[in-house]
Amino acid sequence: QVQLVESGGGLVQAGGSLRLSCVISGRAFSMYAMGWFRQAPGKEREFVSYISWSAGNTYYADSVKGRFTISRDNAKNTVYLQMNSLKPEDTAVYYCASDNRPYTVVVGTTIDDYDYWGQGTQVTVSS
């Protein structure tokens with residue numbers, strides 16, 4: 001049984017930082033790319049960031065580029081999202097997800113590229 005568990009969300013003032021973590025179990029973590037998505041109230045889930053299985057390639061949505069950093073520790077089966085210079089518009093539930101293609105070199109930016117998801121962690125940025 002594959003499980004993804006996010007943590008690290010919370011309430012922060014604009015300009016502040018948070019670090020999200022996502023631990024995956026039940027799957028050979030190092031074989032799969034990982035992604036972060038977010039969903040704000042009344043909006044569709046949107047892509048935030050991607051990291052390849054080897055951590056050699058990362059990709060970001062334009063809205064977070066230069067402020068967020070994705071990383072992974074394959075020894076700990078964990079992917080991270082460091083979020084700096086947070087803005088109120090970053091407020092959302094953040095989800096990590098595991099790509100459905102082992103050892104892929106194709107960047108996954110859509111929901112359909114991922115087959116396992118965490119339960120989400122709330123990030124609230126106050127102005």
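Author: Let's start with a term: buried means under 20% relative accessible area, exposed means over 50%, and partly exposed lies in between (1.4 Å probe, protein chains only). This is a predicted model, where local features need pLDDT of at least 70, side-chain atom pairs count only at pLDDT 80 or more, and totals for chains, interfaces and linings use all residues. Residues are numbered from 1 along each chain as its sequence is written, and side-chain values use heavy atoms, with hydrogens and water left out.

Reader: Is Arg27 buried or exposed?

Author: Happy to start there! Buried residues have under 20% relative accessible area. Arg27 has a relative accessible area of 14%, so the word for Arg27 is buried.

Reader: Which residue forms a salt bridge with Arg27?

Author: A salt bridge is a side-chain nitrogen of Lys or Arg within 4 Å of a carboxyl oxygen of Asp or Glu. For Arg27, the closest N and O atoms of the pair are 2.9 Å apart, and the partner is Asp115.

Reader: Which residue forms a salt bridge with Asp99?

Author: Asp99 has its place in strand E9 (residues 92–102) and counts as buried, at 0% relative accessibility. The closest N and O atoms of the salt bridge are 2.8 Å apart, and the partner of Asp99 is Arg101.

Reader: Which residues does Asp99 touch, not counting residues up to four places away in sequence?

Author: Contact means heavy atoms within 4.5 Å. With that cut-off, Asp99 touches Arg27, Tyr32, Ala33, Tyr50, Thr104, Gly108, Asp113, Tyr114 and Asp115.

Reader: Which cysteines form a disulfide?

Author: A disulfide is a pair of cysteine sulfur atoms within 2.5 Å. By this rule the count comes to one disulfide. Its sulfur atoms are 1.9 Å apart, and the cysteines are Cys22 and Cys96.

Reader: Which parts does the pair of Cys22 and Cys96 tie together?

Author: Each cysteine counts as buried, Cys22 at 0% relative accessibility and Cys96 at 0% as well. The pair ties together parts that are 74 residues apart in sequence, because Cys22 lies in strand E3 and Cys96 in strand E9.

Reader: What is the torsion about the S-S bond of Cys22 and Cys96?

Author: The disulfide of Cys22 and Cys96 is right-handed, because the torsion about the S-S bond is about 55 degrees.

Reader: Where is Ala55 found?

Author: Ala55 has a positive phi of about 70 degrees although it is not a glycine. Ala55 counts as partly exposed, at 38% relative accessibility. Its place is the loop between strand E5 (46–51) and strand E6 (58–60).

Notes: Helix = DSSP H or I, 4+ residues; strand = E, 2+ residues; numbered from the N terminus.
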